[in-house]
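Reader: Could you walk me through this chain, with the cut-offs stated as we go?
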Amino acid sequence: MPGAGRRLMFAQRANLRRIERAILAAAAHWHVECKSGTADPAALQTWLAASAEHARAWALLQRMDGQLGEIPATLALPALQAAQVRRRAAAKVLALLAAAGGSIWLGQASLHSTSWQSWNAGLRTAPGQRRHVRLADGGSLELNTGSAADIEYTASIRRIRLHEGEIMLTTAPDPRPFLVETQHGVIRALGTRFGVRCDTQTTTVSVFEHAVEVRCAAASDSVRRITAGQQLRFFASGAEATTTMAAHQDSWLQGMLVAADWPLQRLLDELSRYRRGHLACDPPIARQLVTGTYRLDDIDVALASLCASHRLQVTYFTRYWATVSARRT
């Protein structure tokens, strides 16, 4: 590869690593809308002005325009067929972005150093997907939305590596140690049922039965014991104080999310894990308390239920970008 081309490829990958996938997806959508002549210029400008990251993703797309190919003209097609053509074209643009930037983890989190492990993990779930795995020792593993993990069983150890997302584990009697590893440390099960949730910053372990031991990556000589009904949030360098586990913490196993006096921003952050794209909250209502039970198999239906019960409204700028705000009277 010529030197200039190699430098451009590396620069594109560096830019992609710092841009969230949801923003790239929205930029791909706008790219297709503009190319097919169906974009709303005012709406596009509103999207670009909403965040510096939006403008940066758009600028990256313009620099890569020559690599993205032609977009089929859709104005003369029937509405449904035209929309399908544009969706396929947007997916193709996003796939080309992924190819240019190396592996992009297909979740809601920002791209980070574990993206490659997540992409190549033996077990993965997409946004909104859950998966049940029967372990070789008779135990079980449940993967929540946007998760990636690997299983390693040897003659001397049982090990789960959680790269991203959330899992629930029920262990089976076995003389071999049972470990869950994340980038922040190691959890050892002590005959138990427990959940682990991991993102780029922290890992949280919640114990439903018996107990676990936690060692942080940079402080492996210190062990914390967490018992049933407790949870611990920890980092590579240390851990917070142990807290009481909230009720309904495992409701996702039944495809439900239960909120009791949650700030609206917290609820939307949780719901956004189960849908592709970006789900925003209008800042003036971010702290409004909400209560309700929401199904996770259709987040747009959950948003409609939320808006109906709390006098809110949701505005879709694109299928990838939605904002919840106070209902206009």
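Author: Let me begin with the definition of exposure: buried means under 20% relative accessible area, exposed over 50%, and partly exposed in between, with a 1.4 Å probe and protein chains only. This is a predicted model, in which local features need pLDDT of at least 70 and side-chain atom pairs count only at pLDDT 80 or more, while totals for chains, interfaces and linings use all residues. Residues are numbered from 1 along each chain as its sequence is written, and side-chain values use heavy atoms, with hydrogens and water left out.

Reader: Fine, then is Glu 152 buried, partly exposed or exposed?
Author: Glu 152 is partly exposed, because its relative accessible area is 27%.

Reader: And which residue does Glu 152 form a salt bridge with?
Author: The partner of Glu 152 is Arg 159, and their closest N and O atoms are 3.0 Å apart; a salt bridge here is a side-chain nitrogen of Lys or Arg within 4 Å of a carboxyl oxygen of Asp or Glu. Arg 159 counts as buried, since its relative accessibility is 14%.

Reader: How many salt bridges are there in the whole structure?
Author: A search of the whole structure finds 13 of them. One of these joins Arg 158 to Asp 137, with 2.6 Å between the closest N and O atoms. Arg 158 lies in strand E5 (residues 158–170), whereas Asp 137 is in the loop between strand E2 (131–134) and strand E3 (140–143), so this pair ties together parts that are 21 residues apart in sequence. Helices (H or I, at least four residues) and strands (E, at least two) are DSSP runs, numbered from the N terminus.

Reader: Arg 158 and Asp 137: buried or exposed?
Author: Arg 158 is buried, with a relative accessible area of 4%, and Asp 137 also counts as buried, at 16% relative accessibility.

Reader: What about Arg 275, which residue does its side chain meet in a salt bridge?
Author: The side chain of Arg 275 meets that of Asp 300, at 3.8 Å from N to O. Arg 275 sits in the loop between helix H7 (264–272) and E13, and Asp 300 belongs to helix H8 (residues 299–310), so the pair ties together parts that are 25 residues apart in sequence. Arg 275 counts as buried at 8% relative accessibility, while Asp 300 is partly exposed, with a relative accessible area of 37%.

Reader: And which residues do salt bridges that share partners join into one network?
Author: That network consists of Glu 152, Arg 159, Arg 161 and Glu 181.

Reader: Switching to strands, how many bridges join E4 to E5?
Author: E4 and E5 run antiparallel and are joined by 6 bridges, where two strands count as paired if DSSP finds at least two bridges between them. They form a hairpin with 4 residues between them, and Tyr 153 has Arg 158 in E5 as its bridge partner. Strand E4 (residues 148–153) also pairs with strand E1 (residues 123–124), in the antiparallel sense over 2 bridges, and there Leu 123 has Ala 149 in E4 as its bridge partner.

Reader: What is the strand order in the open sheet of 3 strands?
Author: The order is E13-E16-E15, with mixed pairing. Strand E13 (278–281) and strand E15 (312–318) stand at the edges with a single partner strand each, so one side of each is left without a neighbour in the sheet. Strand E16 (residues 321–326) runs antiparallel to E15, and 6 bridges join the two. Within that pairing, Thr 318 stands opposite Trp 321 in E16.

Reader: Which helix packs on the sheet?
Author: Helix H2 (residues 21–35) does, touching E13, E15 and E16, and its direction makes about 60° with that of E15. Contact means heavy atoms within 4.5 Å; axes are lines fitted to C-alpha atoms, for helices over the stretch in contact, and angles run from 0 to 180 degrees between N-to-C directions.

Reader: One more residue, then: where is the place of Ala 228?
Author: Ala 228 is in the loop between strand E9 (219–227) and strand E10 (230–234). At 42% relative accessibility, Ala 228 counts as partly exposed. Leaving aside residues up to four places away in sequence, Ala 228 touches Val 207, Phe 208, Glu 209 and His 210.

Reader: And for the chain overall, how many helices and strands are there?
Author: The chain has 8 helices and 16 strands, and buried residues make up 47% of its 329 residues.
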